[in-house]
Amino acid sequence: MTTVHEPAVTTAATTTDAGLSVWPASTTEPRAGDLTVGGIPLAEMADRFGTPVYVLDEGEVRERCRTYRTAFPDTEVLYAAKAFLCRAMVHWMEEEGLGLDVCSAGELELAVTTGFPPEKIVLHGNAKSPRDLDTALRLGVGRIVIDSPSEIARLAAAVGPDGHQKVMVRVVPGISAGGHAKIRTGTEDQKFGLSISDGYAQHAIARILDQPQLELTGLHCHLGSQITSVKPYLSAVRRMVGLMARLYEQHGLVLPEIDLGGGHGIAYRPGDEALDLTTLARKVRAELTEACASAGLTVPRLIIEPGRAIAGPAGIALYHVLSVKRTGGHTFVAVDGGMSDNPRPALYGVRYAPRLIGRRGSASPALVTVVGRHCEAGDVIAADVPLPDDVRPGDLLAVPVAGAYHLSMASGYNLVGRPPVAAVRDGRARLLVRRESLDDIRSRDVGL
């Protein structure tokens, strides 16, 4: 059973439609072409909030949090805020019993000022700024993950001789995993962490132990993103427990925590592979127990950091078609958004499955390329995807699995303004993040 679930669809019109397998579980199709999510027609969402707009199914987010807590009952689950964060998301994570993993003072302050307990927050980052560290100490963040030797002295000085801060060390286990070279972070040839194989991790740990105001609680690693196999996580467990055993031999150190990061892969298109959380939880726990028993160590508390697997499948991006162009044997369907609200296809070659919404196409499907409005040839949302051959300006397109790394990576390119986020649940819709306006953009420009 795959616990990052293929959502159940509740009407006869949609239960047999494999094309809806990557949509939120609340998705229904009461009439051909009219999709409803969270009890609200997507066409109505586009009319009410304009396009582009991100629609976030609150029920789907909460259910995915509960799936993690069920699969990992004795594990600390931290939501990776970089995937998508807003004040409502902070509330949902607290209410569902998850902690937070943040990467900047901005993410940290948003969470704490929204009311999230700072002791349940972990601060990451390969190059933490003075503001990041000062904010973390001022707000009382639970743990800070050390990513480089220079952070040790800086953090110890900031804490002061009478202070105290829990820390972890991010290690590089030397494992290649992830859906694209740019999101593989467990190998030796990238910017994150301290290598186990060359001794840098051990050296950094020895330096931390010389700082009495820093309490080392455990080891951390993050292998990459969009990982769909359990095997890399098991390899990481073995290598990290091996390091823990050496630390016990050298320093008599017993670390109470081990953090395997996140990177849990999800399906973006029907038929895509996704990581099986039930299998992951069972095998990681067994591997950790066995490895610790062999090393004579107490089994540490496990920590994981899912982000995409919670937010991604709960989000939908809605666009209106602006033009249809047939040239050179290709059909280009241009929409009113693009790489400013979703740079992932340009960055990683991510592929999506857009769908015509609001009407049933009267023609058979044809392969088209959905492109954005920006002045880049690489501004492509979905290449060679089937849409009705009669798609035309004014039509509404929906792109599922748009809840992670869309708004959080959105830019101000061409000054078009970032889209709003609206939540749906039980037949109600509400605005979470408003659209960025020209006044917002103009107010930042103070050069005259």
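The model is predicted: local features need pLDDT of at least 70, side-chain atom pairs count only at pLDDT 80 or more, and totals for chains, interfaces and linings use all residues. Residues are numbered from 1 along each chain as its sequence is written, and side-chain values use heavy atoms, with hydrogens and water left out.

**Nonpolar cores**

- The largest nonpolar core holds 132 residues; such a core is a set of buried Ala, Val, Leu, Ile, Met, Phe, Trp, Tyr and Cys residues joined through side-chain atoms within 4.5 Å. Buried means under 20% relative accessible area, exposed over 50%, and partly exposed in between (1.4 Å probe, protein chains only).
- The members that touch the most others in this core are Leu 42, Tyr 79, Met 89, Met 93 and Leu 318.
- Helix α9 (residues 231–251) gives the most to this core, namely 10 residues. Helices (H or I, at least four residues) and strands (E, at least two) are DSSP runs, numbered from the N terminus.
- Another core, of five residues, lies apart from the largest one, and includes Val 122, Val 145, Met 168 and Ile 303.
- Beyond its neighbours within four places in sequence, Leu 42 is in contact (heavy atoms within 4.5 Å) with residues including Trp 23, Val 55, Ile 316, Leu 318 and Leu 396.
- In soluble globular proteins, nonpolar side chains tend to be buried together.

**Helix α8**

- In helix α8 (residues 200–209), the buried residues are Ala 201, Gln 202, Ala 204, Ile 205 and Ile 208.
- These buried residues fall within an arc of 160° when α8 is seen down its axis, so they line one face of the helix. The arc is that of the directions from the helix axis to the C-beta atoms.
- The elements that cover the buried residues of α8 include α7 (149–159), β9 (165–172), β11 (214–220) and α9.

**Cysteines**

- A search of the whole structure finds zero disulfides, a disulfide being a pair of cysteine sulfur atoms within 2.5 Å.
- For Cys 65, the nearest cysteine sulfur is that of Cys 86, 12 Å away. Cys 65 counts as buried because its relative accessibility is 0%.
- For Cys 103, the nearest cysteine sulfur is that of Cys 221, 15 Å away. Cys 103 counts as partly exposed because its relative accessibility is 32%.

**Cavities and pockets**

- Three cavities of 30 Å³ or more are found in the whole structure. On a 1 Å grid over the protein atoms alone, a cavity is a set of points where a 1.4 Å probe fits but cannot get out, and a pocket is an open set with protein on both sides within 12 Å along at least five of seven lines; lining residues have an atom within 4 Å of a point.
- The second largest cavity has a volume of about 60 Å³, where volume is the space filled by probe spheres set on the points, and grid points are joined across faces, edges and corners.
- Strand β4 (residues 53–57) gives the most to the lining of this cavity, with three residues; the lining includes Tyr 54, Val 55, Leu 56, Phe 84 and His 406.
- The second largest pocket has a volume of about 450 Å³. Of its 20 lining residues, Arg 355, Leu 356, Pro 386, Leu 387 and Pro 388 are the closest to its centre.
- β18 (380–388) gives the most to the lining of this pocket, with four residues.

**Arg 359**

- Arg 359 is placed in the loop between β16 and β17 (365–371), and counts as buried because its relative accessibility is 16%.
- Leaving aside neighbours within four places in sequence, Arg 359 is in contact with residues including Asp 34, Asp 390, Arg 392 and Asp 395.
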